[in-house]
Amino acid sequence: VIKCKAAVAWEAGKPLSIEEVEVAPPKAHEVRIKIVATAVCHTDAYTLSGADPEGCFPVILGHEGAGIVESVGEGVTKLKPGDTVIPLYIPQCGECKFCKNPKTNLCQKIRVTQGKGLMPDGTIRFTCKGKQIYHFMGTSTFSEYTVVADISVAKIDAAAPLDKVCLLGCGISTGYGAVVNTAKVEPGSTCAIFGLGGVGLAVIMGCKVAGASRIIGIDINKDKYAKAKEFGATECISPQDFKKSIQEVLVEMTDGGVDYSFECIGNVGVMRSALEACHKGWGVSVIVGVAAAGQEISTRPFQLVTGRTWKGTAFGGWKSIDNVPKLVTDYMSKKIKVDEFVTHTLPFDKINEAFELMHTGK
């Protein structure tokens, strides 16, 4: 058993608490990882807020991390101590019908136990003050050591800087993949991106890599425009600057609507705007943001009858074990940006400050 520091969420709506936890050794087909760096994501904040119906407490959150394999359980053949890795919240077992289907990345092998905050065998590896602490998204990267299923680990280039590539565990991969895998944006396209946070910036980067000729960023926070332009946005607008709905503004600006739109917020009203901003006949809108539980999307069916397509994406459509190492290679060869997404680097015990910076849009 390893004793180490972790940020424990004892209950919903309360700040994280830095505690000493015990991390049990990995069982069969499990890997124990020393986490070197982790990022914070809105999904962690969503669960911490208490709005997540799958949220279990107490829990160790975190799902954008990178580290080094410390030890492996029985039957683990593809990983060994010392390997540089990224834990994956969408695993890739290679055996289920989802893994065998090229149309999806949604491996279901450990979905049920992962959703309950448990390891695949239905048990837990974390304890603190005599209490069992739940796992989160199969990763729990807000701990100096974590235990994950071996199908939830991508082995990456040992030369990669872990304080950067941890972002490929969620946000950057999600936004970039939404463009290249889900939407399949073509050269010369006109694109609109709703929400210019980390995921929105990754979408902009993907549109630029795909050769889009017009990339319109949309956000009510104008402080985000300079960064969006650095990533490839050709123009940025705020819905608050117009009397008309943002979809009407975009339809006018683009002679009938955009070819592709991406919702990167998780707001069902904005999802409707993003669809309705698409061009009749061929426009495609991709939902990337995760809305709160129980919410529903709506539009007039005529929007779809007249040739628009509504799609969604999870982790950018990447089959995780196959593709995360390739994304790291693309970063190392400067095909995609990663460093530019990092705004602040804080010590682990300042994790609550990191959440505040995220909530204030900084």
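Trainee: How many bridges join β4 to strand β5?

Mentor: This is a predicted model, in which local features need pLDDT of at least 70 and side-chain atom pairs count only at pLDDT 80 or more, while totals for chains, interfaces and linings use all residues. Residues are numbered from 1 along each chain as its sequence is written, and side-chain values use heavy atoms, with hydrogens and water left out. Strands are DSSP runs of E with at least two residues, helices are runs of H or I with at least four, both are numbered from the N terminus, and two strands pair if DSSP finds at least two bridges between them. Strand β5 covers residues 84-87 and runs antiparallel to β4; the number of bridges that join them is two.

Trainee: Which residue is the bridge partner of I68 in β5?

Mentor: Strand β4 covers residues 64-72, and β5 covers residues 84-87. Within β5, the bridge partner of I68 is T84.

Trainee: How many bridges join β4 to strand β3, and which residue of β4 stands opposite R32?

Mentor: Strand β3 (residues 30-39) runs antiparallel to β4, and the bridges between them number eight. The residue of β4 opposite R32 is S71.

Trainee: In what order do the five strands of this open sheet lie, and why do β8 and β9 each have a side without a neighbour?

Mentor: The pairing in this sheet is antiparallel, and the order is β8-β3-β4-β5-β9. Strands β8 (145-149) and β9 (153-155) stand at the edges with a single partner strand each, so one side of each has no neighbour in the sheet. From one strand to the next the twist averages 45°, an angle between lines fitted to C-alpha atoms.

Trainee: What is the strand order of the open sheet with four strands, and which strands stand at its edges?

Mentor: The order is β1-β2-β6-β7, with antiparallel pairing. Each edge strand has a single partner, so one of its sides is left without a neighbour in the sheet; these strands are β1 (2-8) and β7 (131-133).

Trainee: Which residue of β6 is the bridge partner of V23?

Mentor: Strand β2 (residues 17-23) and strand β6 (residues 126-128) run antiparallel and are joined by two bridges. In β6, V23 has as its bridge partner F126.

Trainee: Which domain feature does UniProt place at residues 28-156, and what are the helix and strand percentages there?

Mentor: UniProt, in an unreviewed entry, names it "domain: Alcohol dehydrogenase-like N-terminal"; such annotations may be inferred rather than shown by experiment. The end C-alpha atoms of this stretch are 22 Å apart, and the chain there is 13% helix and 29% strand.

Trainee: How does the chain over residues 198-326 divide into helix and strand?

Mentor: The unreviewed UniProt entry places "domain: Alcohol dehydrogenase-like C-terminal" at these residues. The end C-alpha atoms are 20 Å apart, and the chain is 37% helix and 16% strand.

Trainee: What distance does α5 reach, and at which residue does α5 bend?

Mentor: Helix α5 has 13 residues and reaches 17 Å from its first C-alpha to its last, close to the expected 18 Å, where the expected span is 1.5 Å times one less than the number of residues. A bend is the angle between axes fitted to the seven residues ending at a residue and the seven starting there. In α5 the bend is about 45°, at G177.

Trainee: Where is the cis peptide bond that has omega of about -5°?

Mentor: P58 lies in the loop between α1 (42-49) and β4. The cis bond joins F57 and P58.

Trainee: Are M137 and K334 buried or exposed?

Mentor: Neither is a glycine, yet phi is positive in both: near 55° for M137 and about 65° for K334. M137 lies in the loop between β7 and β8, K334 in the loop between α11 and α12 (351-359). With 17% relative accessibility M137 counts as buried, whereas K334, with 74%, counts as exposed.

Note on methods: Axes fitted to C-alpha atoms, helices over the stretch in contact; angles between N-to-C directions. Buried < 20%, exposed > 50% of the residue type's maximum accessible area, 1.4 Å probe, protein only.
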